[in-house]
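Subject: Structure handover

Hello,

Here is the structure I said I would pass on. My notes on what was found in it follow below.

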Amino acid sequence: AAIPFGGLASGGGGGDGVRLDVQNFCCPDYIQTMVQRIRQSWNPNQGAGGEVWVKFTIRRDGMLTLVEVEKPSGQAMLDLESRRAVLMTRQLPPLPREFTEPHLTVHMAFNYRR
């Protein structure tokens with residue numbers, strides 16, 4: 001299930017979310033920080049509407065890797081901007097010690113409004 005964090009849409013809300021490949025992730029504050037950092041690199045004003053889901057991995061050291069458009073919007077510019085926002089963020093704080101896995105896979109929605 002998606003975890004809402006105010007989403008990435010310029011208007012907030014609207015089905016935005018983050019899904020993780022683990023159940024009961026220990027540290028929701030870490031996810032909020034991740035969303036805020038990616039939002040700083042994201043330009044929601046693309047002149048078109050749609051939703052893009054991007055999948056990526058956060059390594060233990062906080063590096064973002066394996067960035068891919070998981071569910072395209074059908075609009076190439078939206079897909080490219082969503083992927084670019086994650087790639088530009090590049091580095092987050094290290095994963096929390098309470099989370100013992102070697103990496104965390106994230107699925108994030110980017111919602112664009114006209």
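The secondary structure consists of two helices and four strands. Along the sequence they come in the pattern β-α-β-β-α-β. Please keep in mind that this is a predicted model, and that the values below are computed from it.

First, some totals. The chain has 114 residues, and 44% of them count as buried. Among the contacts in the chain with a separation of 6 or more, 74% are between residues 24 or more positions apart.

The sheet

The four strands form an open sheet in the order β1-β4-β2-β3, with antiparallel pairing. β1 (18-20) and β3 stand at the edges and have a single partner strand each, so one side of each lacks a neighbour in the sheet. On average, and with direction ignored, neighbouring strands are turned by 20° against each other. Helix α1 packs on this sheet, where it touches β1, β2 and β4, and its direction makes about 50° with that of β4.

Going through the pairings in the order of the sheet, β1 and β4 are joined antiparallel over three bridges. Within that pairing, V18 stands opposite M108 in β4. Between β2 and β4, which also run antiparallel, there are ten bridges. One example is V52, whose bridge partner in β4 is F110. β4 itself is mostly covered, with nine of its ten residues buried.

The remaining pairing is that of β2 (residues 50-59) with β3 (residues 64-71), antiparallel over five bridges. These two strands form a hairpin with four residues between them, and G62 in the turn has a positive phi of about 90°. Two of the bridge partners can be named here: I58 has L64 as its partner in β3, and T57 has T65.

T57

T57 lies in strand β2. Is T57 buried or exposed? Its relative accessible area is 9%, and buried means under 20%, so T57 is buried. Leaving aside residues up to four places away in sequence, T57 touches M63, L64, T65, L66, H103, L104 and T105.

Aromatic residues

How many aromatic pairs does a search of the whole structure find? The search finds three. In one of them, W42 and Y112 have ring centres 5.2 Å apart and planes at 65°, so this pair is edge-to-face. W42 and Y112 form one aromatic cluster together with F110. F110 is also the β4 residue that bridges to V52, as noted above.

Another aromatic residue, W53, has a charge over its ring: the charged end of R19 sits there, 4.6 Å from the ring centre.

Two backbone angles

Most residues other than glycine have a negative phi. L66 has a phi near 50°, a positive value in a residue other than glycine. L66 is placed in strand β3 and is exposed, with a relative accessible area of 63%. L66 is also one of the residues that T57 touches. R90, likewise not a glycine, has a positive phi near 60°. R90 is found in the loop between α2 (76-89) and β4, and at 49% relative accessibility R90 counts as partly exposed.

That is the end of my notes.

Regards

How values were computed. Residues are numbered from 1 along each chain as its sequence is written. This is a predicted model: local features need pLDDT of at least 70, side-chain atom pairs count only at pLDDT 80 or more; totals for chains, interfaces and linings use all residues. Side-chain values use heavy atoms; hydrogens and water are left out. Buried means under 20% relative accessible area, exposed over 50%, partly exposed in between (1.4 Å probe, protein chains only). Contact means heavy atoms within 4.5 Å. Two strands pair if DSSP finds at least two bridges between them. Rings of Phe, Tyr and Trp (its six-membered ring) pair if their centres lie within 6.5 Å; planes under 30 degrees apart count as stacked, over 60 as edge-to-face and the rest as tilted. A charge sits over a ring if NZ of Lys or CZ of Arg is within 6 Å of the ring centre and within 35 degrees of the ring normal. Axes are lines fitted to C-alpha atoms, for helices over the stretch in contact, and angles run from 0 to 180 degrees between N-to-C directions.
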